[in-house]
Amino acid sequence: MKRKFKIFLATFFLATFFLQSACSKKDAKTTSAAEPPASPEVKTFDEKNFPEATMRKGYTHPYRWNTPEGEKVRFKEIWGYVLADRVNDWNREAALTDIGLFAVEVDIYGNLTRAPSRSLIKNFNGRVHLVAVCQSQSLTHFVLDARFGKRDRLVNALIAASKDFDGLQIDYELVPKLDGEDFAEFLRLLKKGLGSKQLTVCVHARTKKLKSDVEDYERLANICDKVMIMAYDEHWATSAPGSPASMEWCRRVGEYALSILPPEKYIIGVPFYGRSWEITNDRTAGAWAFNGSSRRLIENGVEQIKRENGVPYFEFEKTVKVIQYFEDATSLLQRCRMYQSQGFSNIAFWRMGQEDVAFWDWIETDK
């Protein structure tokens, strides 16, 4: 009986050993087969090889492979937006023909407030435009509708504030749907009062004609000298994660615009900033300058950068997963080349101080 029991135990242990060995081999084979091939766009972070071009202004370059290739891009007009209270963010080495000084605002009584002085932009040989904003839908309605008696006074104030500038740009992004004609008349009065000075207007990006649109490209272009398309914020703080200006979306924005008006009537806007999302049930997001994206890479030990149709992004985990899209010299150059190939001759960047400064080695004016 004891002998039979010993034989049973020996057989049991041998069977268990071979079964575990077979399962381990199967698991290893399954794991190996399940691993996807490495993406050709995944790059390794290397903070020891920063290009000299990026280091000129003390910006931290996050990875050595961010080196564009090919020819430079050339545009007739290259605009850069400068915040009045952050003039030092303006890179004097940037090849700009125009600066949009941001911004003069409207108070609750319809009066101008915080009007920046032209003298803030010193030693610049190009044109400087005063940018005017109104950041409330109800306030925009209040100053545009002539029945409230504020419109004409605001027009005269804007013309006076533009005295030392080469032009005026209207960036009223919250015009109510029923105030389209009032907005057009507001621009007509401004253009008449400005005389030979340039009047430009900012509009949101479109990929198709809207049934009712206060920012109708053709109507506004018949009043203003140029229309500036804000071709960014395809994805925003409360949207699903994605590039603020993906290449395919930008291509369609350009195609639609050029189906309405010739390229010389446009200034096409390009973002320097990126955005991040925390992937949780309670999602939060943020907008990031290139330098902020670089710092976040280092602080969170990011080792891999990926590209989605040319736009770089990275992911890292703390207590939640974060996905962050940003712009570097390579993606900016790719987007500019696309716009150049479409025929656009004027380009603008929002905003100065948020960029990968290496980009300025790859763009120049078409003289």
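Guide: The largest pocket here has a volume of about 520 Å³. Please note that this is a predicted model, where local features need pLDDT of at least 70, side-chain atom pairs count only at pLDDT 80 or more, and totals for chains, interfaces and linings use all residues. Residues are numbered from 1 along each chain as its sequence is written, and side-chain values use heavy atoms, with hydrogens and water left out.

Visitor: What makes a space a pocket?
Guide: On a 1 Å grid over the protein atoms alone, a pocket is an open set of points with protein on both sides within 12 Å along at least five of seven lines, and lining residues have an atom within 4 Å of a point. Of the 22 residues lining the largest pocket, Asp-171, Glu-173, Met-230, Tyr-232 and Asp-233 are the closest to its centre.

Visitor: How many of the lining residues are nonpolar, polar and charged?
Guide: The lining of the largest pocket has 15 nonpolar, 3 polar and 4 charged residues. Nonpolar covers Ala, Val, Leu, Ile, Met, Phe, Trp, Tyr, Cys and Pro, charged covers Asp, Glu, Lys and Arg, and the others, Gly among them, are polar.

Visitor: Why is Asp-145 called buried?
Guide: Buried means under 20% relative accessible area, with a 1.4 Å probe and protein chains only. Asp-145 has 5% relative accessibility, so it counts as buried.

Visitor: What joins the side chains of Asp-145 and Arg-147?
Guide: A polar contact of 2.6 Å joins them. The term asks for a pair of N or O atoms within 3.5 Å; within protein, one must be able to donate a hydrogen and the other to accept it, and residues adjacent in sequence count only if both atoms are side-chain atoms.

Visitor: Why is the pair of Trp-277 and Tyr-325 called edge-to-face?
Guide: Rings of Phe, Tyr and Trp (its six-membered ring) pair if their centres lie within 6.5 Å; planes under 30 degrees apart count as stacked, over 60 as edge-to-face and the rest as tilted. Trp-277 and Tyr-325 have ring centres 6.4 Å apart and planes at 85°, so this pair is edge-to-face. Both Trp-277 and Tyr-325 are buried.

Visitor: What kind of aromatic pair do Phe-290 and Phe-326 form?
Guide: Theirs is a tilted pair, with 6.3 Å from centre to centre and 50° between the planes. Phe-290 and Phe-326 are buried too.

Visitor: How many aromatic pairs does the structure hold?
Guide: It holds 21 aromatic pairs. Ring pairs also link Tyr-217, Tyr-256, Tyr-266, Tyr-339 and Phe-344 into a cluster.

Definitions and conventions:
On a 1 Å grid over the protein atoms alone, a cavity is a set of points where a 1.4 Å probe fits but cannot get out, and a pocket is an open set with protein on both sides within 12 Å along at least five of seven lines; lining residues have an atom within 4 Å of a point. Grid points are joined across faces, edges and corners, and a volume is the space filled by probe spheres set on the points. Buried means under 20% relative accessible area, exposed over 50%, partly exposed in between (1.4 Å probe, protein chains only).
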